[in-house]
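Okay, thanks for coming, everyone.

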Amino acid sequence: MAHRSKRFCRCPGCSQLTSDPSGYCEDHRHLFDEQTRRRDLRRGTAKARGYDSRWARYSKAFLAQPGHQLCALRIDEGCAIVAQCVDHIDPPDGPRDPRFWDPANHQPACIHCNSVKGHRLIVGPHRFG
């Protein structure tokens, strides 16, 4: 297993080194947890953002189509290559945004690449069609 290189803690003024993925040392890890909790509260639940049973059926059908089995993004070495979810190329502003259901705005992605991409407009270079 590869070890992460140590970096300075993300907390201003802290000089401790950490290899924790959050970027915070043990003393300041609670800051990351608190920031994550606040962000999640602002963001809303997946269902509130439109990812309900209808979306689950749609995404399953989308990924079953020819040319949608491989990740279109392949952002870095963490890519699983196999598509596991449907990514919005241009992130919609919610389930009522026309871009949410527009098939031209969808591309297959692995969970890793979809997470790394975040809320940015990125068309995968490996997109089929």
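This is a predicted model: local features need pLDDT of at least 70, side-chain atom pairs count only at pLDDT 80 or more; totals for chains, interfaces and linings use all residues.

Let's start with the sulfurs: the closest cysteine sulfur to that of C11 is in C9, 5.2 Å away, and that's too far for a bond, given that a disulfide here is a pair of cysteine sulfur atoms within 2.5 Å. C11 is buried, at 14% relative accessible area; buried means under 20%, exposed over 50%, partly exposed in between, with a 1.4 Å probe and protein chains only.

Residues are numbered from 1 along each chain as its sequence is written, and side-chain values use heavy atoms, with hydrogens and water left out.

Now C85: its closest cysteine sulfur sits in C110, 7.2 Å off, again too far for a bond. C85 counts as buried too, at 13% relative accessibility. The structure as a whole has zero disulfides.

On to the fold. We've got four helices and four strands, running β-β-α-α-β-α-β-α along the sequence; these are DSSP runs numbered from the N terminus, H or I of at least four residues for helices, E of at least two for strands. The radius of gyration is 18 Å, well over the 14 Å from the globule rule for 129 residues, so the protein is more spread out than a compact globule. That's taken over C-alpha atoms, and the rule is 2.2 Å times the number of residues to the power 0.38. The C-alpha box is roughly 50 × 30 × 20 Å along the principal axes, and 31% of the 129 residues count as buried.
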